[in-house]
Amino acid sequence: MEQIGFLPPRAAVLSRRREIVADLADLLPEGCLVHEPRELVPFETDAFVSYRRVPLAVALPETTAQVAAVMKYCHRYAIPVVPRGAGTSLSGGAIPQEDAVVLGLSKMSRILDVDYANRSATVQAGVTNLAISDAVSADGYFYAPDPSSQLACTIGGNIGMNSGGAHCLKYGVTTNNLLGVKLVLVDGTVVELGGKALDAPGLDLLGLVCGSEGQLGIVTEATVRLIAKPEGARPVLFGFDSSEEAGACVADIIAAGIIPVAIEFMDRPAITICEAFAGAGYPSDVEALLIVEVEGSEAEMDDMLHAIIDIARRHGVKVVKESQSATQAALIWKGRKSAFGATGRIADYICMDGTVPLSQLPNVLRGTAEIVERHGLRVANVFHAGDGNMHPLILFNANDPEDAARAEEAGNEILKLCVDAGGCLTGEHGVGIEKRDLMRHQYAEADLAQQMAVRAAFDPQWILNPSKVFPLEGRPAA
Amino acid sequence: MSVIHDPLSEDAAARIVLSAAAAGSPLQIRGGGTRTLAQAGGRDILSSANLSGIVAYNPAEMTMTAKAGTPLEDITAALARHRQMLAFEPLDLRPALGTGGIPTIGGVFATNASGPRRFVAGAARDSLLGVRFVNGAGGIVKAGGRVMKNVTGLDLSKLLAGSRGTLAFLTEVTFRLLPVPEDAATIVVSGLNDAEAAAAMATAMSMTVEVSGAAHLPESVRGRILGGRLPDGAATVLRLEGLAASVSARAGKLSSVMAPFGAVSMLDAGATAQLWREIRDVQPYADGTARPLWRVSVAPTVGHQLVAALRLETGVDAYYDWQGGLVWLRMEADPEAELVRRYIKALGGGHATLLRASAAAMAATPVLQPQAEAIEALTARIKEKFDPAGLFPAGR
């Protein structure tokens, strides 16, 4: 297994390092530029830790104007720029390269405007996902997309990756909850896309920018949708003797016209890992667990759960466990949301993110097990079953290069399996560098060429996060 | 005399585009031909009429793939058999525009045509999962896919949604579906002025009752809806949908909170369906005239301020959807484009599209909202990447 490649550093940039640092220092306030080798180390990777590159410098601007100044400068001298939120990307979206300036938005962390009458909040890009909901919670509102890393990850990063989360089944992902952005283009021009009015005129540039992985510009502010918090929410655990039964149950819930807020799936290894970590009260003697959450008034939740439990019984559910209190509900979610962290305590892992049509869930689960076994590894499955977004965690030992290579190989095979089943490489984590070289498995040459052409309309020199998303070979000449 | 090309396959469409490119003869893309904006203006027409049919529909996955020229009617009929629907309630502008034609699913997405539920359930673009298209270089391209969550590469589907035939010829679309709600009801609050209605709607949206439609029909409009059956006075209407027991519980809750605003009454599921269809399709202004009709999108609390400001300067009639954020404006005489857009800007921004006016006024008015220079430049560069020879029209 070959290591994933990065673009070779631009010699013209490396040779001017000292000068570039001095120039950037002039553009930024004191304390907003990191360039000492020792201080650059924390920026060398993100949550895809198998790859590391120390950047040339890290700019931490405090205003959109400073972001624009840095972009204008880097554009003039063709210096690569890698945007960074909290560095929680699981696909290497924020991993820098030796000739790049990291543009970190962490200092831009203010909530600028909360407007309940228009159900919107305008925030700087470095605000964490959870901080938005925290700021409006007392008034009965929340921001819906909830990636597991929501305590740390920023809204700017969420927009970069079009992040999802467990509750997207009902409320949609970032793009469905994003009303507008302030975007700094590659040459430092600042534009506003969208706003509090729905459906901006012209082409849907907002929709294009969301999920573009920092390839089209730097988002410095965002206007997001706020939603009135439901009266109540109740997760219920369903334990099954097989993944197939659990998968079929999910399909039937959806087919019955019931859309819960979330349907999460865990297999036995995942249950064991999460239970040991969180003590969430997950049953220990089942092969598959569904966490189904409904919301509304007590009566509405009772109604919906009644219908869901009926369906589950038809699929031979073994354990049904309703949460009896808010504390218990929180514990159930704590178990699920700490799945990645809890897994990290027992082994190194890589987390896949393929999405498949619901009818393919059982097949793909079976195929995943076969692939992992063939490579002599273990897998824990925990994922958003309602929308077919799978997260097999492949466990391996990072200190053993052969083991690591096998894990990467198995991961690639699983993603190809997802694509072949009618799905896609990534449902919510992004392509980053991790899945970049698999893009040709999902897209034909003409499809990729169209995407790259559009990318080039924004950044003809390919300086924005240049080693990501698109295979390094076959790119249009700058 | 313009030629109409109606290819039987995607490959044939690509060949037509290639030869048009070679001949340097521009093309007007046409779906069902329901919009005045899609009139050819002397160009040859590339029509999706023969690219018709549902390609894949698995109700349990809540997704459908259909060829772009499939009549919307065929899609909704197939969905109805499985009690499913399009979440975004595509609107039908034919009655208001006085046009004919048959709405197609490709046209729906190419115009991002979205109705009352849009302000809570998203627009057409939010339901669109994937597309296939022929670009201006004759290349056949697919973007997105058929799964609910997909962040693999750039989301070109979003770009195609609402692109009005300026970028590429859509050949196939894949979109997500929702179950049809078991029951629906509408709470009517009577007698509110526009500003009071905005406050009432904002209050309703702050509640946890999941309002899925919020419109205000001033007294001048009320009589032209539901055959005049709404109670006297302006009508502020709030739709609730879901399981029957839940709808009635929420209706009770909402009614009691709305009571201090004005007299409250309720419409059953049948009247609710008709009411929101008429609001969606701009029934009040389907008046057989060519009086200028604007579709204005602003922040919800701004809609009534805009209309109040315009009333001081010109003859205007209006009603509101999307909690006040979608304003249907009918002018008495002149479109007053400069005035409308100046006030929109002054009130915090948004946009106005002129959908109807006399032929002379349509020709003399920038019907689409002009945008910031940097965005216009970016748009032109993107268009060039889809349509390097400029075969498809830019702008309108």
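Predicted model: local features only at pLDDT ≥ 70, side-chain atom pairs only at ≥ 80, totals over all residues.
**Notebook: domains, sheets and the A–B contact**

I started with the domains of chain B: the C-alpha centres of domain 1 of chain B and domain 2 of chain B lie 29 Å apart. Between these two, I found a contact that takes six residues from domain 1 of chain B and six residues from domain 2 of chain B; two residues are in contact if their C-beta atoms, placed from the backbone, lie within 7 Å.

Residues are numbered from 1 along each chain as its sequence is written, and chains are lettered from A and ligands numbered from 1 in the order in which they are written.

**Domain bounds**

I looked up the bounds, which come from an automatic or database domain assignment. For chain B I have domain 1 (46-179), domain 2 (183-280) and domain 3 (285-373). Chain A is divided into domain 1 (111-228), domain 2 (232-339) and domain 3 (347-436). The C-alpha centres of domain 1 of chain A and domain 3 of chain A are separated by 28 Å. Their contact takes eight residues from domain 1 of chain A and ten residues from domain 3 of chain A. I sorted the domain 1 side of that contact into five nonpolar, two polar and one charged residues.

**Strand β18 of chain A**

I took helices (H or I, at least four residues) and strands (E, at least two) as DSSP runs, numbered from the N terminus. In β18(A), residues 392-396, five of five residues are buried, that is, 20 or more other C-beta atoms lie within 10 Å of the residue's own, with C-beta atoms placed from the backbone. P392(A), I394(A) and F396(A) point one way from β18(A), and L393(A) and L395(A) the other way.

I then checked its neighbours, where two strands pair if DSSP finds at least two bridges between them. β16(A), residues 348-351, pairs with β18(A) in the antiparallel sense over four bridges, and C351(A) stands opposite L393(A). β17(A), residues 378-384, is also antiparallel to β18(A), with four bridges; here R378(A) has L395(A) as its bridge partner.

**The sheet in chain B**

I traced an open antiparallel sheet of five strands in chain B, in the order β4-β5-β9-β7-β8. β4 (54-58) and β8 (140-144) of chain B are at the edges with a single partner strand each, so one side of each has no neighbour in the sheet. Neighbouring strands are turned by 15 degrees against each other on average, direction ignored. Five bridges join β7(B), residues 128-135, to β8(B) in the antiparallel sense, and F133(B) has V141(B) as its bridge partner. What packs on this sheet is α17(A), which touches β7 and β8 of chain B and makes about 70 degrees with the direction of β8(B).

**Chain A against chain B**

I counted the contact at 72 residues from chain A and 68 residues from chain B. The largest share of the chain A side, eight residues, comes from α17(A).

Notes. Buried ≥ 20, exposed ≤ 12 C-beta atoms within 10 Å, placed from the backbone. Nonpolar A, V, L, I, M, F, W, Y, C, P; charged D, E, K, R; others polar. Axes fitted to C-alpha atoms, helices over the stretch in contact; angles between N-to-C directions.
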